[in-house]
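Please take a careful look at the sequence and the structure below before reading on. The paragraphs that follow lead through a few residues and their surroundings.

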Amino acid sequence: MQYGRFPEVDAAAVPSDGLLLDVRENDEWAAGHAEGALHVPMSEFVERLGEVTEKAADRKVYVVCRVGGRSAQVTQYLLGQGVDAVNVDGGMVAWEAAGRPLVNDGQGPAHVL
């Protein structure tokens, strides 16, 4: 799907082996995240761009935040850097609503903060 100037995909349509980039802050990540996701908070993104481009190589990057605003900005930035990126529409709220699995750092049940 294409909305505005950048591609978006429903949380339910993200492939299980896709490269999911979570740009939420550390407290959000700790509460609940997708297993295997790459965590680079938006506040650290420019400094840590190399980590993303190294993992991305020739793969599509699925960018997620809580509801889709921050990830939309990061998606646009990545596209400008030549990275094949797509925003996860609805973010981790939609991920959880779609029944996609969440894990956390052991502080009770995983949830989206």
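Strands, as the word is used here, are DSSP runs of at least two residues in state E, numbered from the N terminus. In this predicted model, Asp22 lies in strand S3, and strand S3, which covers residues 19-22, also holds Leu21.

Buried is taken to mean a relative accessible area under 20%. Asp22 counts as buried because its relative accessibility is 1%, and its side chain makes a polar contact with the side chain of Arg24 at 2.8 Å. Beyond its neighbours within four places in sequence, Asp22 is in contact with Trp29, His33, Leu38, His39, Val40, Pro41, Val64 and Met92.

Leu21 is likewise buried, since its relative accessible area is 0%. Setting aside neighbours within four places in sequence, the residues in contact with Leu21 are Leu38, Val40, Phe45, Val52, Val61, Tyr62, Val63, Val64, Val74 and Leu78. Asp84 stands 63 residues from Leu21 in sequence, while the C-alpha atoms of Leu21 and Asp84 are 12 Å apart in space.

Is Glu28 buried or exposed? Glu28 counts as buried, because its relative accessibility is 9%, and that value falls under the 20% cut-off. The side chain of Glu28 reaches the backbone nitrogen of Glu25 at 2.8 Å, and, when residues up to four places away in sequence are not counted, Glu28 touches Arg66, Arg70 and Leu113.

Methods
Residues numbered from 1 in each chain as written. Predicted model: local features only at pLDDT ≥ 70, side-chain atom pairs only at ≥ 80, totals over all residues. Heavy atoms only, no water. Helix = DSSP H or I, 4+ residues; strand = E, 2+ residues; numbered from the N terminus. Buried < 20%, exposed > 50% of the residue type's maximum accessible area, 1.4 Å probe, protein only. Contact = heavy atoms within 4.5 Å. Polar contact = N/O pair within 3.5 Å; in protein donor to acceptor, adjacent residues only side chain to side chain.
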